[in-house]
Amino acid sequence: METDRRKEIVNACLDLFVEKGLYKTSTRDLSKAMKLQSGGLYYYFQTKDEAVIACVEAAIRRLEDVLILPVKKEIMNPANMMSRLLSRANEMAPVYQFVVSVCSDKQYKELTKPILDALDERYIQYLETYANLLNCKTQILAPFFYMCITAITNYMIFQKESFVSPQLKAVQLKLERIITDNQETSNI
């Protein structure tokens with residue numbers, strides 16, 4: 001199926017961009033990674049920029065799949081969740097660094113804006129899902145949800161746990177407090 005092939009191609013391009021970097025990856029490199037003849041990239045994308053934007057979208061989805069979605073299963077054990085989240089963030093750091101390199105580039109700023117706006121909308125949905133799982137109001141969870149996202153993204157850039165451990169500990173303690181309060185309320 002064409003969409004499966006396109007996904008395969010986008011993932012191959014993304015892996016190469018992550019490995020070599022945005023500006024060190026040529027269209028020839030991308031075509032070779034896709035097992036196509038030189039210039040074969042243009043069968044799937046009109047320009048290299050179009051391939052880059054498709055890769056940013058795929059990278060963000062990959063980050064969500066690895067970092068955000070597993071939290072649904074782990075949120076009731078905050079200490080374990082934070083440990084696993086940090087480990088996954090370490091693994092995903094090169095992917096995030098690619099996203100940052102594209103989104104911070106003037107050439108791609110306007111092209112990535114709709115992608116980031118859509119991510120912002122999904123963040124709201126994730127927040128509501130996690131608040132429901134914790135049986136708390138989104139307003140209570142929101143500052144800690146966004147603090148966690150900020151800390152994890154900073155960690156993926158700087159790779160210094162000491163920069164983010166106070167924020168992650170604050171999030172962990174808040175989640176534990178919400179869970180404990182819910183348990184005490186249900187025992188009354």
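Visitor: What should I know before we start?
Guide: This is a predicted model, in which local features need pLDDT of at least 70, side-chain atom pairs count only at pLDDT 80 or more, and totals for chains, interfaces and linings use all residues. Residues are numbered from 1 along each chain as its sequence is written, and side-chain values use heavy atoms, with hydrogens and water left out.

Visitor: How many helices and strands does the protein have?
Guide: There are 9 helices and 0 strands, counted as DSSP runs numbered from the N terminus (H or I of at least four residues for helices, E of at least two for strands). Along the sequence the pattern reads α-α-α-α-α-α-α-α-α. The C-alpha atoms fill a box of roughly 70 × 35 × 25 Å along the principal axes.

Visitor: Why is Thr112 called buried?
Guide: Buried means under 20% relative accessible area, exposed means over 50%, and partly exposed is in between (1.4 Å probe, protein chains only). Thr112 has 1% relative accessibility, so it counts as buried. In the protein as a whole, buried residues make up 42% of the 188 residues.

Visitor: What makes up the surroundings of Thr112?
Guide: Thr112 sits in helix H7, residues 109-134. Setting aside residues up to four places away in sequence, Thr112 touches Ile53, Val56, Val102 and Cys103, where contact means heavy atoms within 4.5 Å. The side chain of Thr112 also reaches the backbone oxygen of Lys109 at 3.1 Å. A polar contact is a pair of N or O atoms within 3.5 Å; within protein, one must be able to donate a hydrogen and the other to accept it, and residues adjacent in sequence count only if both atoms are side-chain atoms.

Visitor: Why is the pairing of Arg62 and Asp15 called a salt bridge?
Guide: The term needs a side-chain nitrogen of Lys or Arg within 4 Å of a carboxyl oxygen of Asp or Glu. Arg62 and Asp15 meet at 2.9 Å, N to O, so the pair qualifies under that cut-off. Arg62 lies in helix H4 (residues 48-68) and Asp15 in helix H1 (residues 2-20), so the pair ties together parts 47 residues apart in sequence. Arg62 is partly exposed at 21%, and Asp15 is partly exposed at 40%.

Visitor: How many salt bridges does the structure hold?
Guide: The structure holds 9 salt bridges. One of them joins Asp117 and Lys113, with the closest N and O atoms 3.0 Å apart. Asp117 and Lys113 are 4 residues apart in helix H7, which puts about one helical turn between them. Asp117 is partly exposed at 39%, as is Lys113 at 42%.

Visitor: Where does Leu69 lie, and is it buried, partly exposed or exposed?
Guide: Leu69 is in the loop between H4 and H5. With a relative accessible area of 35%, Leu69 is partly exposed. Not counting residues up to four places away in sequence, Leu69 touches Glu64, Tyr126 and Tyr130. Leu69 and Tyr126 are 57 residues apart in sequence and 8.3 Å apart in space, C-alpha to C-alpha.

Visitor: How do you know that H4 has close to its expected span?
Guide: The expected span is 1.5 Å times one less than the number of residues. H4 has 21 residues and reaches 29 Å from its first C-alpha to its last, close to the expected 30 Å.

Visitor: What about the span of H6?
Guide: H6 spans only 31 Å between its end C-alpha atoms, whereas a straight helix of 26 residues would span 38 Å. H6 bends by about 55° at Met92, and Pro94 follows within four residues. That bend is the angle between axes fitted to the seven residues ending at a position and the seven starting there.

Visitor: What makes a nonpolar core?
Guide: The term describes a set of buried Ala, Val, Leu, Ile, Met, Phe, Trp, Tyr and Cys residues joined through side-chain atoms within 4.5 Å. The largest such core has 66 residues, and those with the most contacts inside it are Leu67, Phe98, Leu141, Ile152 and Met156. H6 gives the largest share of this core, 13 residues. Leaving aside neighbours within four places in sequence, Ile152 is in contact with Leu67, Leu85, Leu86, Ala89 and Leu168.
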